[in-house]
Amino acid sequence: MDHSIITFLSIVLLILGILGTFLPVLPGLVLSLAGLLIYKYGTDSDLSMIYIWAFVILTLASAVLNYIIPAKTNRKYGGTRWGSIGSVIGTIVGIFLPIPLGFLVGMFAGVFIGELLHDSKDMNKALKSTKGAFIGFIYGTGFSLVVGIAMFLVVILDIVNVI
């Protein structure tokens, strides 16, 4: 296969991976890592294996942190298991809502409703838990986004022979 087609496919996967860091319907960094690997092994690239291993480790770390960070921030802000379950259900329902960023709206609504189902008299606690979920989402997404952009930049810089 022509190297320019492989390079183009790699860049498309890297861009989709970046989008996937905040859109749950795309597998995020897995797509970016696939784009990086296709670029490395499908072209005549001299890209160092240090980059590959570093991004594999960062992708695995991101996968773990995307579960740990929201749980920790949710707990830090007084959230319960009910809010965590509501978050998952809300995210799934939100994906199918015909509104922009429905998954995000669904996640926050799910946390809030889950906490209210746990303790219907404490709306302040439900709001704090929702705030914790938002902060966790920002931290996890931010980390993944930075890693995805870094993969993209490494490939672009290799294409123009800067690294």
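Biologist: Which residues of α5 are buried?

Modeller: The buried residues of α5 are Gly102, Phe103, Leu104, Gly106, Met107, Phe108, Gly110, Val111, Gly114 and Glu115, where buried means under 20% relative accessible area, exposed means over 50%, and partly exposed lies in between, using a 1.4 Å probe and protein chains only. Please keep in mind that this is a predicted model, in which local features need pLDDT of at least 70 and side-chain atom pairs count only at pLDDT 80 or more, while totals for chains, interfaces and linings use all residues. Residues are numbered from 1 along each chain as its sequence is written, and side-chain values use heavy atoms, with hydrogens and water left out.

Biologist: And what do the buried residues of α5 pack against?

Modeller: They pack against α3 (49–76), α4 (81–95) and α6 (123–159), with a contact meaning heavy atoms within 4.5 Å.

Biologist: What should the 17 residues of α5 span, and what do the ends say?

Modeller: Helix α5 covers residues 102–118 and should span 24 Å at 1.5 Å a residue, and because its end C-alpha atoms are 24 Å apart, the two values agree. The expected span is 1.5 Å times one less than the number of residues.

Biologist: Stepping back, how many helices and strands are there in the chain?

Modeller: The chain has six helices and zero strands, counted as DSSP runs numbered from the N terminus, with helices being H or I of at least four residues and strands being E of at least two. Of its 163 residues, 39% count as buried, and the C-alpha trace spans about 65 × 30 × 20 Å along its principal axes.

Biologist: Which residues does the "transmembrane region" annotation cover?

Modeller: According to the unreviewed UniProt entry, that annotation covers residues 6–38, 50–69, 89–113 and 134–157, although such annotations may be inferred rather than shown by experiment. In the model, residues 6–38 are 76% helix and 0% strand, with end C-alpha atoms 7 Å apart, and residues 89–113 are 76% helix and 0% strand, with end C-alpha atoms 10 Å apart.

Biologist: New topic: is asparagine 161 buried or exposed?

Modeller: Asparagine 161 is exposed, with a relative accessible area of 67%, and this residue lies in the segment after α6. Its phi is near 60 degrees, which is a positive value in a residue other than glycine.
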